[in-house]
Structure formats: structure tokens, C-alpha cells
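Please take a slow walk with me through this structure.

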Amino acid sequence: MLFLSLGRIVIIDSTIVQWLLRVKLATKTYHASEKMHKAQPLRDRVMTGAMFVGYMVMPFLWALVPNWWIFGSTSIDVPAYGWIQLLGLIVTAAGVCLFWLSHKHLGANWSPYVEVLKEQKLITTGVYSYVRHPMYSAFFLLSFGHALSALRCPWVALCGIASVLLMYLSRVTKEEAVMRAQFGVQYQNYCLHTPRLIPCLSPCQSTNKNN
């Protein structure tokens, strides 16, 4: 019985923890950037909303009401599902930790939009010395963890991964273009030595001296 409910517990708890962390670590920055919302292109707002629904809302609803007709009608039997859910717990926990570290080290430099904030700094220390976009890395870990936890409902499992992937592909190039325009050679040097999505095993050579 523990394994039967473990996946749902993982999704519910990790979703709540993500929102609590974001509120605690980034509320001031978010409100300072809220005025930018109307200036964002419609495509960007649609992609943000789609990721929110696919990555957080649908898995969360499945975890709360797995027998709802929209979920139950597509449920399948999965061999060794208990162990798969346990693996999902481990992956999700890693994603939550990376998500927290990303916000912690980015601090007031975080924004929900593609923009440069007033007094923006280039962060290349902490988790950012291992990977350029640890928050996206965290989202992928969380979506894979949720997918393993919700594997009995395949479309919900894939929905989260697909929505994160679409969000990543639609934003990461724009974000890096904005950073290059703002920080020039500093950011270019950082990009040369630090991978975009998959972290180094040890701190990469970076532009720490320029921070």
C-alpha cells in the first residue's frame, strides 16, 4: 500500500515545496517584475501558461484524484511500479534540491520573465559554477521524477516532460541573448566554460573574478 500511494505523495509534496520555496526566495523580485507581464509577447505568456498546466497542474490533479475519468480511463498496469515510484522519489528529491539551490544563489537576480533587472548581476558562483541554467535542469529532473511517479497514466507522465521541453526550447536562446547583450565578454566567457543544462562534476572554469 505504501508503494501504491508513494508516487502521488511525491508529486503533491514536491509541487507544494516548489511554490513555498519560490514564495520565500523570490516574492520581492517577482512583484518588482510584475509590471513586465503585460509587455511580454503573447507567445511567451502562452508557453509559460502551458508549462504551468502540463508540468504542475495536471500531475497535481492526477495525484489528488487518480480515479477521475480523464485519468482513470487511460490508466495502465506497470510492472515493478513500486520500485519505479521509489526511483521517482529520488529523482524528484534531487530536482527539488537543485531548484532550491538555483533560487538561493540567484537571489534577487531572478525574474519570471525574459528581462534584465535593475542592478542585475552575472552569477557564476555556487550551483551556477557547475551549469548555466540549473533551474531548467531542476525542472527536467522534477518532470522526470513526476513522470516515473505517474507512469500508470502515461499521458500525464509525458505531459510534464513535453511542457518543460517546449518551455526550455522557446526561452533559453532568448535568455542567453539578453545576457550576452547585458554582460558581453563576461557572459561569453562563462558560456565557453560552463555547460548549458547538464552540470559538470566539479566547478567549471568561470568568470567568478568578474562578479
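The largest cavity has a volume of about 30 Å³. A cavity here is a set of points on a 1 Å grid over the protein atoms alone where a 1.4 Å probe fits but cannot get out, and lining residues have an atom within 4 Å of a point. Grid points are joined across faces, edges and corners, and the volume is the space filled by probe spheres set on the points. Keep in mind that this is a predicted model, in which local features need pLDDT of at least 70 and side-chain atom pairs count only at pLDDT 80 or more, while totals for chains, interfaces and linings use all residues. Residues are numbered from 1 along each chain as its sequence is written, and side-chain values use heavy atoms, with hydrogens and water left out.

Which residues line the largest cavity? They are Tyr-55, Pro-59, Ser-143, His-146, Ala-147, Val-156, Ala-157 and Gly-160. Helix H2 (42-64), helix H5 (134-149) and helix H6 (154-183) each give two or more residues to this lining. By class, the lining has five nonpolar, three polar and no charged residues; Ala, Val, Leu, Ile, Met, Phe, Trp, Tyr, Cys and Pro count as nonpolar, Asp, Glu, Lys and Arg as charged, and the others, Gly among them, as polar.

Now step back to the whole chain. It has seven helices and zero strands, where helices (H or I, at least four residues) and strands (E, at least two) are DSSP runs numbered from the N terminus. Of its 211 residues, 45% count as buried. Buried means under 20% relative accessible area, exposed means over 50%, and partly exposed lies in between (1.4 Å probe, protein chains only).

Side chains of opposite charge can pair when their charged atoms come close. A salt bridge is counted when a side-chain nitrogen of Lys or Arg is within 4 Å of a carboxyl oxygen of Asp or Glu, and the count comes to four. In one of them, Glu-175 pairs with Arg-171, with the closest N and O atoms 3.2 Å apart. Because these two are four residues apart in helix H6, about one helical turn separates them. Both Glu-175 and Arg-171 are buried.

Glu-176 meets Arg-180 in a salt bridge (3.9 Å, N to O), and Arg-180 is partly exposed at 33%. A further salt bridge joins Glu-176 to Arg-196 (2.8 Å, N to O). That pair links distant parts of the chain, 20 residues apart, since Arg-196 sits in the segment after helix H7 (185-193) and Glu-176 in helix H6. What network do these residues belong to? Salt bridges link Arg-132, Glu-176, Arg-180 and Arg-196.

Finally, turn to the surface. Leu-61, Leu-64, Val-65 and Trp-68 form a nonpolar patch with about 330 Å² of accessible area together. Such patches are made of residues with over 30% relative accessible area and no salt bridge, with like charges joined within 9 Å and nonpolar side chains (Val, Leu, Ile, Met, Phe, Trp, Tyr) within 5 Å. Accessible areas come from the Shrake-Rupley method with a 1.4 Å probe, and for residues only the protein chains shown count as cover. Trp-68 lies in the loop between H2 and helix H3 (69-72).

Notes:
1 Å grid on protein atoms, 1.4 Å probe; cavity = no way out; pocket = protein on both sides within 12 Å on 5 of 7 lines; lining within 4 Å.
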